[in-house]
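Subject: Structure handover and notes

Hello,

Here is the structure we spoke about, with my notes below it. Please read them with the model open.

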Amino acid sequence: MSRDDTSLAKNVLGVPGIVFLVLAAVAPLTGMVVIAAIGIAVGNGGGMVAAFLLATVVLLLFAVGYAQMSKVLTSAGGFYAFVVKGLGRTPGLVAGFVAMLGYNCFVAGAIGTSGFFTSTAIDDVLGLRLDWFFWSALSVVLVLLLSRRGIAVSAKVLGVSLILEVSILLIMDFSVLFRHGFSFAAFSPSVLFQGASGLALLFAANAFIGFEATALFGEEAKDPKRTIPRATYIAIGFIGVFAAFTTWAVVSAIGAEQAQDVAVAHLSSGDLVLSVAQEYLGGPLTKVMLLLLVVSLFAALLALHNSATRYLYALGRVGVLPRLLGRTDPRNGAPRYASIVQLIFGSLVALGFRLAGLDPVADLTASMTGFGTLGILTLQLFAAVAILVHFRRTRDRRIVKTLIAPGLGAVGLGVIVTLAIVNFPTLAGSSNGIVPQLPWLLLVVALAGLALAGWLRRFRPSVYAALETDLERDPAPKPSDVVGQ
């Protein structure tokens, strides 16, 4: 296959491949062991089941407009491209900066999380104790090798990982169901309205981070105007139903009424779900779950890296960032230079925390993943507003699909982003050092995007124009591509 050195691979991802890529970024096993457990503890206990369902409804409403927009625009720029299309070049550049920094910080945090939990799991299971940064470095090398093979290879690896981690959780879920039964007390008013329902919704939405990456793979998808909407609906629906079902199993196993107290008692050790697994799966399978948690974290790192790389690639392709980042491997379309730069950034951040003697979870993961989550949630809100504005400007008559449903989704996302800013230390899981001040970084990023947009408009008008004119690459294969296949 022949292609120029600024084009991604064409026609390599179907619906399953894209779903694997985004669900691996979501990391279902990690989401249940970490996010759901924290949500039960600091949110509304057993009401966390309903919080997942509510978050699913909000994001499905947003996805209605998202699906329509993805039929209008196919771009590796993802939500940054959506914002350019809906709100213009300057707001789009701001969104691109938020996306770039948010995803890159998320990857830096994931490098620390992967290294720490791999070190812990290997020590517990094999008795081999090595520093967490060794495992982080090994993860980075493996991610680099896989990403250079092309997105199709990553999709296959992530598909296997996803099946394994989902399977072990379903075995636990059905073990609880058959041996204990599920408690409908989780849906009683006394449980639903206890504690902090807003925090429960915030952590539920956190478990969906990664679904928005479907649009990033549009240029590499088969028939993207159908593939991207389908993959988005499937990803959101699966995450919501699976998370609610597994959380219901955990809550039922520990008791819906006292779920919050039990989760608080396990908060410092982070082993709520593993303690349920120990009882309902037994020791050997719990060790398997612990090892699969390592696989889940690596898969999330690989998937998030692919997403972060595509934002660097898209901004490099138009000339906002060095154009070298917009070049791809002629053999498989992998954005090789963007991949290297992205991993260097994440590795240097992780190394800085290690040399400073800071904790990989309480400091590195809390700050980087916390800000990354806030950045991506904000990006989703930008995109929701851009979708509404675009379809109102074009006077689209499909009121339900382009106004009512996405409008309600935008309102829901606005509430979630507000909750994330107000409760940022809780979202990040730490109030150490500068963590509580990190939301201000969003303002700094926005101002940087505005300043750069003004500079480009005055001194590099061709690049400023390219933000819109080079927004979309033809997703259909070229004749030479077909012959080469």
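The crossing of helices α14 and α15 is right-handed. Helix α14 covers residues 336-355 and helix α15 residues 360-393; the two pack at an angle of about 145 degrees, with their axes 10 Å apart. On the α14 side the contact is made by V349, A350 and F353, and on the α15 side by D363, L364, S367 and M368. Please keep in mind that this is a predicted model, here and in what follows.

Salt bridges

The structure holds five salt bridges. Three of them are described here.

Helix α14 takes part in one of these pairs through R354. R354 forms a salt bridge with D131, and the closest N and O atoms are 3.0 Å apart. The pair links distant parts of the chain, since D131 sits in the loop between α5 (89-126) and α6, 223 residues away from R354. R354 has a relative accessibility of 31%, so it counts as partly exposed. D131 is also partly exposed, because its relative accessibility is 33%.

R398 and D396 meet through their side chains in a salt bridge of 2.8 Å, N to O. R398 counts as partly exposed because its relative accessible area is 36%. D396 has a relative accessibility of 15%, which is under the 20% limit, and therefore counts as buried.

R226 forms a salt bridge with D223, with 3.9 Å between the closest N and O atoms. R226 has a relative accessible area of 53% and is therefore exposed, whereas D223, at 44%, is partly exposed.

The loop between α9 and α10

D223 is found in the loop between α9 and α10. Its phi is near 50 degrees, a positive value in a residue other than glycine.

I209 is found in that loop too, which runs between α9 (197-206) and α10 (224-254). At 4% relative accessibility, I209 falls under the 20% limit and so counts as buried. Leaving aside neighbours within four places in sequence, I209 is in contact with A25, V26, F106, T373, I376, L377 and Q380. For a sense of spacing, I209 and A152 are 57 residues apart in sequence, and their C-alpha atoms are 22 Å apart in space.

A215 is another residue of the loop between α9 and α10. A215 counts as buried because its relative accessibility is 6%. Not counting residues up to four places away in sequence, A215 touches Y66, S75, G78, F82 and I228. A215 and K85 are 130 residues apart along the chain, and their C-alpha atoms are separated by 14 Å.

A27 has a phi near 55 degrees, which is a positive value in a residue other than glycine. A27 is placed in the loop between α1 (15-26) and α2 (28-42). With a relative accessibility of 3%, A27 counts as buried. D223, with its positive phi near 50 degrees, is partly exposed at 44%.

Helix α13

T309 lies in helix α13, which spans residues 283-317. T309 has a relative accessibility of 1%, so it counts as buried. Its contacts, not counting residues up to four places away in sequence, are P335, A338, S339 and Q342.

Nonpolar surface patch

Which residues form the nonpolar patch on the surface? They are L126, L128, L130, F134, L138, V141, L142 and L145, with about 710 Å² of accessible area together. Helix α6 (residues 132-147) supplies the largest share of the patch, five residues. L138 is found in helix α6. L138 has a relative accessibility of 36% and therefore counts as partly exposed; patch residues need over 30%.

Regards

Terms used: Residues numbered from 1 in each chain as written. Predicted model: local features only at pLDDT ≥ 70, side-chain atom pairs only at ≥ 80, totals over all residues. Heavy atoms only, no water. Patch = residues over 30% accessible without salt bridge, like charges linked within 9 Å, V, L, I, M, F, W, Y side chains within 5 Å. Areas by Shrake-Rupley, 256 points an atom, 1.4 Å probe, with all protein chains shown as cover. Salt bridge = Lys/Arg side-chain N within 4 Å of Asp/Glu carboxyl O. Helix = DSSP H or I, 4+ residues; strand = E, 2+ residues; numbered from the N terminus. Buried < 20%, exposed > 50% of the residue type's maximum accessible area, 1.4 Å probe, protein only. Axes fitted to C-alpha atoms, helices over the stretch in contact; angles between N-to-C directions. Left-handed = near helix turned anticlockwise from the far one by under 90°. Contact = heavy atoms within 4.5 Å.
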